[in-house]
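Before reading on, please look over the sequence and the structure shown below. The report that follows takes up a few local features in turn.

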Amino acid sequence: MDLPASTASLWIQRFRTAAPKLGFPDDLVSDDTKMTGLFEFFEDVSTMTVFDTLTKLAAVTNQVCEIRTKNPDLRLGTGFLVGPDLILTASHVVRDDEVLLPNVECRFNNIVFGSGEIKTDSPTVVGITKQEASSLLDEGQPVTLNALDVTLLRLDTAVGDATRKFIKITGESTVGANKSVYVVEFPAASSVSFAGGTVPKAFNSVTEAAFQHNAQTSQGASGSPVFNNAFDLVGLHRGLSMTGPDNEAIDAARIFSKIKDHL
């Protein structure tokens with residue numbers, strides 16, 4: 001059962017006030033039609049109230065990081081926590097390079113949305129100690145069962161603690177044709193943002209390693225988590241598909257089979 005209309009409206013107003021901290025653009029939060037569309041994205045999850053949706057968005061935002069080089073200060077892409085000190089990203093964002101990896105840092109937001117207020121602290125910045133596992137993909141080649149374009153990186157600090165937690169990845173494929181998906185990304189030259197879309201065609205979880213989606217992501221989104229509208233992780237965004245007109249995400253279940261021994 002959702003919140004009463006008056007209470008829901010109050011939380012939407014608070015959300016609008018906090019929008020810059022959460023990374024939502026002004027043209028979204030100031031437009032009633034677009035705001036309605038945001039919450040309609042989650043409408044078929046009966047347990048998700050307005051408050052549930054906003055607090056979950058804030059929590060997920062804190063579990064996704066921008067990946068940058070320290071010197072020069074250059075954004076490489078997006079990653080997300082899958083363990084207390086583990087982030088997952090696309091291998092083309094950060095390859096196993098002894099020169100590059102020590103010069104890479106991950107920046108996490110610190111947002112608390114709830115209890116009637118929104119609090120933010122300065123970003124948490126951590127380094128990378130090593131590449132824990134990977135499934136590399138040659139440039140310009142399509143994703144296959146043996147070449148997923150993913151890498152698992154070990155952080156120098158366990159930031160996925162009891163407060164921040166981390167995103168659960170499992171061996172179950174939960175994406176289907178015409179289902180909604182949601183990408184949390186750190187696009188180049190921008191704060192964290194969000195893109196929603198659908199999966200246009202059926203994904204064969206037996207023979208395929210990736211599925212297409214039409215969420216309108218931005219440059220810098222490579223390595224972003226892809227969720228369904230219950231906030232279950234279903235994939236890792238890698239960019240334009242090599243085999244179709246839409247974007248492509250690597251199936252989370254395929255990734256899990258490659259990294260499960262390191263989690």
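Strands (E, at least two residues) and helices (H or I, at least four) are DSSP runs, numbered from the N terminus. This is a predicted model, in which local features need pLDDT of at least 70 and side-chain atom pairs count only at pLDDT 80 or more, whereas totals for chains, interfaces and linings use all residues. Residues are numbered from 1 along each chain as its sequence is written, and side-chain values use heavy atoms, with hydrogens and water left out.

E1 pairs with strand E2 (residues 74-83) in the antiparallel sense over 6 bridges, where two strands count as paired if DSSP finds at least two bridges between them. A hairpin of 4 residues joins E1 to E2, and arginine 68 stands opposite arginine 75 in E2.

Arginine 68, which is found in strand E1, counts as buried at 11% relative accessibility. Its side chain is joined to that of glutamate 66 by a polar contact of 2.7 Å; such a contact is a pair of N or O atoms within 3.5 Å, and within protein one atom must be able to donate a hydrogen and the other to accept it, while residues adjacent in sequence count only if both atoms are side-chain atoms. Although arginine 68 and glutamate 105 are 37 residues apart in sequence, they are 5.5 Å apart in space, C-alpha to C-alpha. Contact means heavy atoms within 4.5 Å, and, leaving aside neighbours within four places in sequence, arginine 68 has such contacts with residues including Asp73, Asn103, Val104, Glu105 and Arg107.

Threonine 69 is also found in E1 and is buried, with a relative accessible area of 5%. Not counting residues up to four places away in sequence, threonine 69 touches Leu74, Leu76, Leu100, Asn103 and Val104. A polar atom of the threonine 69 side chain lies 2.4 Å from the backbone oxygen of proline 72.

## Cysteines and nonpolar cores

How many disulfides does a search of the whole structure find? The search finds 0, a disulfide being a pair of cysteine sulfur atoms within 2.5 Å. Cysteine 65 is in no disulfide, and the nearest cysteine sulfur, that of cysteine 106, is 4.2 Å away. Cysteine 65 is buried, with a relative accessible area of 0%, and cysteine 106 likewise counts as buried at 0% relative accessibility.

The largest nonpolar core has 47 residues, and those with the most contacts inside it are Ile87, Leu88, Cys106, Phe108 and Leu155. A nonpolar core is a set of buried Ala, Val, Leu, Ile, Met, Phe, Trp, Tyr and Cys residues joined through side-chain atoms within 4.5 Å. Strand E6 (residues 150-155) gives the largest share of this core, 4 residues. A second, separate core has 11 residues, among them Val175, Val183, Ala215 and Ala249.

## Aromatic pairs

Rings of Phe, Tyr and Trp (its six-membered ring) pair if their centres lie within 6.5 Å, and planes under 30 degrees apart count as stacked, over 60 as edge-to-face and the rest as tilted. By this rule the count comes to 2 aromatic pairs, which are set out here.

| Pair | Centres apart | Planes at | Kind |
|---|---|---|---|
| Phenylalanine 203 and phenylalanine 211 | 5.9 Å | 65° | edge-to-face |
| Phenylalanine 227 and phenylalanine 231 | 6.3 Å | 55° | tilted |

Phenylalanine 203 is buried at a relative accessible area of 12%, and phenylalanine 211 is buried at 2%. Phenylalanine 227 is buried at 1%, and phenylalanine 231 is buried at 8%.

Methods: Buried means under 20% relative accessible area, exposed over 50%, partly exposed in between (1.4 Å probe, protein chains only).
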